[in-house]
Amino acid sequence: MCLFTIFLLILLIFFDVQYYIRIISVILFGRWFENKQKITDPTVIYGFSFTQDLDLIFKHMNNARFVRDLDFARFHFYDRSGLYDEMVKRRSDTLQAATNIRYRRVIPIFTFYKIVTQVIYWDEKSIYVEQKFITNDGFIRAIVLSKQTMIKANVEDVMQSLNAGPKPEIPRDLDLWLQSMEISSEKLRPKQD
């Protein structure tokens, strides 16, 4: 019993055990109780602002927790949409290349919320996802744009395999965000004389 306790203590000290338990539970819950979704359809997971999520004033969810919850919603989306299976088939992976989050209002302690995840655009290298944190009153507390860059696969081919249909027009906010990232990248490139 003592060795088991030491093993558990080591796990808790050196690994974020709750993170892995939550990812596994979100994926298993989706597989057991939810239908597969089309890649362009929204997926939803639910959360609850609890004492472990609080910021320094102990009133509402910490900004870092929003970003952490995006992982759970994204993994759920990959599994429910068939994207994960397609990546395995192609021996590919995705990289979270960029995220833009706009906090509109806090999520108070002891408040239920949902995260709605949906593909809004894609190009040959990346899938662009919009995620919304919505509380029970229907208010969007935060909205997130993220760029999921696929490694070793052409996204256009992947989306065709998943029957995504025609590519949507790029939303204006996404287009402007991509332009701002390109301007930022230009500033970081070495100057040629």
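Predicted model: local features only at pLDDT ≥ 70, side-chain atom pairs only at ≥ 80, totals over all residues.
**Entry on confidence.** I looked up the confidence of the protein chain and found a mean pLDDT of 93, with 99% of its residues at 70 or more. Among the elements, I found the lowest mean pLDDT, 86, in helix α1 (residues 2–14), and the highest, 98, in strand β4 (residues 126–135).

**Entry on α6.** I checked the length of helix α6, which runs over residues 172–188. Its 17 residues, at 1.5 Å a residue, should span 24 Å, and I found its end C-alpha atoms 25 Å apart, which agrees.

I then asked which residues of α6 are buried. They are Leu174, Trp177 and Leu178. Seen down the axis of α6, these buried residues fall within an arc of 100°, so they line one face of the helix. I next looked up what they pack against, and found β2 (93–103), β3 (112–122), β4 and β5 (140–151).

**Entry on α2 and α3.** I turned to helix α2 (residues 17–33) and helix α3 (residues 63–81), which pack at an angle of about 30° with their axes 9 Å apart. I recorded their crossing as right-handed. For the contact itself, I listed residues on both sides: those of α2 include Tyr19, Ile23, Val26 and Ile27, and those of α3 include Asp69, Phe72, Phe75 and His76.

Methods:
Residues numbered from 1 in each chain as written. Heavy atoms only, no water. pLDDT = per-residue confidence, 0-100. Helix = DSSP H or I, 4+ residues; strand = E, 2+ residues; numbered from the N terminus. Expected span 1.5 Å × (residues − 1). Buried < 20%, exposed > 50% of the residue type's maximum accessible area, 1.4 Å probe, protein only. Arc of directions from axis to C-beta. Contact = heavy atoms within 4.5 Å. Axes fitted to C-alpha atoms, helices over the stretch in contact; angles between N-to-C directions. Left-handed = near helix turned anticlockwise from the far one by under 90°.
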